[in-house]
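Please read it alongside the sequence and the structure shown here.

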Amino acid sequence: MERQLRRLVVPTAAGPIVAHAGRRSASAVATVLLHGAAGSWRTWMPLLGAADRLGIPLDDVIAIDLPGWGESPGPAPSAAEAAEAVVAVARALGYPRWRVVGHSLGAVIALDVAALFPAQTVAVGLVSPTGAAVRAVMRRPLTGWTALPAFGGMVVAMMILRGLGPVARPLLRSLRRIGALRVFARPLFRHPDRVDPAVSDALADEIRPAAFLAAARAARTHDDVAWKRITAPVRAVRGRHDIFAGRQDARDARRRIPGYRETVLDDSGHFAHVEQAYETLRALRDVWTAEPDRRSNATRDRQPT
């Protein structure tokens, strides 16, 4: 049974953001969920369903459609601007602190939230995070793609779709009707035939070439050094068969992010939280159980400029 989440529209500096929020508990800590590119808040439903069945209390959920994705209008801002908009949503809903969990592109934004607002961030969870190899493709496109050809191929596909202009959307709808778009989603999963067709269909519906390319371009100048300011524990989980993961991603993350720990799931691709929801929940148990440091003072937090 799908958990009941209420739909809200919250005005932010990045534009109106659509969020789906769970019931409030006695906790003053939100669990903020940030989807990846070609996704929306709904990509978290398999994990939330698994949490319900395992009895993991995730009542204070805020599942966000990031600017430019899902129902939230664009254009897609930088990761840091998106992070400030995410915090604006949490605060508008009355939460002074949060656990933030992001998938892929959403993982970069989750880290930016923790770096920009360290005193308010209780814990960070990363699922199949976008890593150094993806950023290398965008910073050095002539050579970087050789280490991550799948991502390079996706960038080229998105450029072609963007070039089609108004023809792209009718074409995508036609491909979806005949089931062809599901074929393009298959490399993202270790076992695509086991994935609920509703999930792969939703991913096909969320193809946004302009938003994807804007996020990819932003990776060229992203301030990874800012992650050194993170004080919350950071736990990551990724699939061993993630086609967007580079061999040095984990080592680079440990170097850049204090307290970084990673779990690798042997039977997942890029959507670990969809293919192995229970295992993802267990790998991120430190995130769900983390409690705020009561010694923290809200005035220590960085104020957006």
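Are Trp98 and Phe117 buried or exposed? Trp98 is buried, and Phe117 is buried as well. The model is a predicted one.

**Aromatic pairs**

- Searching the whole structure gives 4 aromatic pairs.
- One of them joins Trp98 and Phe117 edge-to-face, with 6.3 Å centre to centre and 80° between the planes.
- This pair links distant parts of the chain, 19 residues apart: Trp98 sits in strand β5 (residues 97-103), while Phe117 is in the loop between α3 (105-116) and β6 (121-127).
- Phe151 and Phe212 make a tilted pair, at 6.0 Å centre to centre and 40° between the planes.
- Because Phe151 belongs to helix α6 (residues 149-163) and Phe212 to helix α10 (residues 209-218), their pair ties together parts 61 residues apart in sequence.
- Phe151 has a relative accessible area of 6% and is buried; Phe212, with 7%, is also buried.
- Phe151, Phe212 and Phe244 are linked into a cluster by ring pairs.

**Cavity**

- There is 1 cavity of 30 Å³ or more in the structure, and the largest cavity holds about 100 Å³ of space.
- Its lining consists of 14 residues; those nearest the centre of the largest cavity are Thr130, Gly131, Arg135, Ala253 and Ile257.
- Two elements, α4 (132-139) and α11 (249-256), each give two or more residues to this lining.
- Helix α11 supplies the largest share, 3 residues.
- By residue class, the lining of the largest cavity has 8 nonpolar, 2 polar and 4 charged residues.

Key. Residues numbered from 1 in each chain as written. Predicted model: local features only at pLDDT ≥ 70, side-chain atom pairs only at ≥ 80, totals over all residues. Heavy atoms only, no water. Phe/Tyr/Trp six-rings, centres within 6.5 Å; stacked < 30°, edge-to-face > 60°. Helix = DSSP H or I, 4+ residues; strand = E, 2+ residues; numbered from the N terminus. Buried < 20%, exposed > 50% of the residue type's maximum accessible area, 1.4 Å probe, protein only. 1 Å grid on protein atoms, 1.4 Å probe; cavity = no way out; pocket = protein on both sides within 12 Å on 5 of 7 lines; lining within 4 Å. Points joined across faces, edges and corners; volume = space filled by probe spheres on them. Nonpolar A, V, L, I, M, F, W, Y, C, P; charged D, E, K, R; others polar.
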